Amino acid sequence: MPLLPPNHHPPFSIVRIAYVDCHATDLAVSRAFWVDTLGFVASEETPDALYLRGLEERSHHSVVLRKSPQVDVTAVGFKVYSEEDLDRAATFCASRRLAHEFVDRPFQGRTLRLSDPLGTPIELFFSMDAVPSKLRQYGEYRGARIQRIDHVNCFSPDVQASYEFFTDLGFRVSEYAAADRDDRIWSIWLHRKGNVHDIAFTNGRGPRFHHVGMWVNSVTDIIHACDVLATTGWIASMERGPGRHGLSNAFFLYLRDPDGHRVELFTSDYMTIDPDFEPTRWDLRDPQRQTLWGMPAPRSWFEEGSLFAGQPVHEAALEAQPIVAPW
Ligand SMILES: [Fe+2]
């Protein structure tokens, strides 16, 4: 399938990925993992919710964990350019007959909740409570020294359809993987903010949530996080890596939180902001796409993900399978 031309004049303007909102079963255990071990900053803690952010961030939260007996993800949130963009987004949703409503979310202004055509729950907002950046508060750096949210990655049962919808919203392609026989897109990395991605979609049963990627400053921060996790009782949380992706060139470590939500520590991708940026194509069977050093990812990484709350899951459109490790 040929790539689409980029849409430089979308109906409303999204700035960047901003948060993921999850359910968690035991917030004390979640706090031990996300705050005490990984080094997230707790902006707000209540008996029912944990609002977390990275050290660099000036907005109140980039990960929200709400107490619930069921484990799922309730929304991925994007910041828009202005309040008026929220109204333009509502008009756009109405024109596409997409379910949408304005909802109340603590610590943020007007928030428009919608489902994309595949059922991915999305929230759009412009204003969020400001908090002090801890960028230069080095005495508070712990664990992986988490800096900021970078992206989310979701399973889509129809990556082509997800790609077409997000292109309509002004997202542009940085890299993608296609099956060798027919060129159908198996996974795609899409951005608004000018690095490799704000959101990526991978072929699979879905819609489901695959992971949230958190930016860290250096490879050394990820190696240090491995040492911390391995010696504080969290060794089983390390699912894949550390390693370097071919696609995106990022250095990575994938973790599973106490409820199974996947978080990636991520650094070392690159700039994509030029309007005539040419996307990079990878063959689905190229082992260096997954890991530049050649090691395949475990089966769990390809097959497991968090459900979106209340959202039915559909079988994937493509049957093509990437290379999977024998464990
Ligand atoms: Fe990622």
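## The loop holding Trp293

Trp293 is found in the loop between α5 (287-290) and α6 (299-303), where helices (H or I, at least four residues) and strands (E, at least two) are DSSP runs numbered from the N terminus. The structure is a predicted model, in which local features need pLDDT of at least 70 and side-chain atom pairs count only at pLDDT 80 or more, while totals for chains, interfaces and linings use all residues. Residues are numbered from 1 along each chain as its sequence is written, and side-chain values use heavy atoms, with hydrogens and water left out.

Trp293 counts as partly exposed because its relative accessibility is 48%, a class lying between buried (under 20% relative accessible area) and exposed (over 50%), with a 1.4 Å probe and protein chains only.

## The iron site

The iron ion is coordinated by His151 (NE2), His211 (NE2) and Glu264 (OE) at 2.0 to 2.2 Å, donors being N, O and S atoms within 2.8 Å of the metal (3.2 Å for Na, K and Ca); water is not among the atoms, so sites may look incomplete. Along the chain, these donors follow the spacing H-x59-H-x52-E. His151 in strand β9 (residues 148-156) and His211 in strand β13 (residues 208-215) are 60 residues apart, and this pair links distant parts of the chain. Both His151 and His211 are buried.

## The surroundings of Pro106

Pro106 lies in the loop between β6 (100-103) and β7 (111-115), and Pro106 counts as partly exposed because its relative accessibility is 39%. Leaving aside residues up to four places away in sequence, Pro106 touches Tyr51 and His61, contact meaning heavy atoms within 4.5 Å.
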